[in-house]
Amino acid sequence: MYNTLKQNVKIIIDETLAQLNALKVKVNAGNNEIAEIDGEIASIAEQNKVYSELYASGVIDEVTYLGRSDKYKNQITELRSRRLKIINEDEEEMCIEKLRELKRFLADSVEYMTELDENNACS
């Protein structure tokens, strides 16, 4: 099994990862909470852009700009963390991460295994 996986990583693991990621994007697109968070992030980013333009044109001072900009950046960071937590809580994400771990393991191991040692290490 190991040798088959090692020789066919692109076909077996990479293709499976690509399909799972595409499916996850479609599933999460219908997630109302994620959509709401994405909308909030877009709104805050737009507000930050307006303050940047006001500062660049000299309408507001640097202290006001930096205070507001930091507030917006913190809000966006918090929203992204919430979004990531929602996404990572599902089983599909755990499956994707396990496949990534397997891929890293295969990349770091021997090219061809002829026997399994006592500690289950490749030799």
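E97, R100 and R104 are linked in a network of salt bridges, a salt bridge being a side-chain nitrogen of Lys or Arg within 4 Å of a carboxyl oxygen of Asp or Glu. Welcome to a predicted model, where local features need pLDDT of at least 70, side-chain atom pairs count only at pLDDT 80 or more, and totals for chains, interfaces and linings use all residues. Residues are numbered from 1 along each chain as its sequence is written, and side-chain values use heavy atoms, with hydrogens and water left out.

**Overall form**
- The chain has five helices and zero strands, taken as DSSP runs (H or I, at least four residues, for helices; E, at least two, for strands) and numbered from the N terminus.
- Its radius of gyration, over C-alpha atoms, is 23 Å, while a compact globule of 123 residues would have one near 14 Å (the rule is 2.2 Å times the number of residues to the power 0.38).
- Buried residues make up 24% of the 123 (buried means under 20% relative accessible area, exposed over 50%, partly exposed in between, with a 1.4 Å probe and protein chains only).

**Salt bridges**
- The structure holds five salt bridges.
- One of them joins R83 and D38, with the closest N and O atoms 2.6 Å apart.
- This pair links distant parts of the chain, R83 in helix α4 (residues 62–88) and D38 in helix α3 (residues 32–56), 45 residues apart.
- R83 is partly exposed at 26%, and D38 is partly exposed at 32%.

**Within helix α5**
- R100 and E97 meet at 3.7 Å, N to O, and both lie in helix α5 (residues 91–108), three residues apart.
- E101 and K98 form a salt bridge at 4.0 Å; E101 is partly exposed at 37%, whereas K98 is exposed at 55%.
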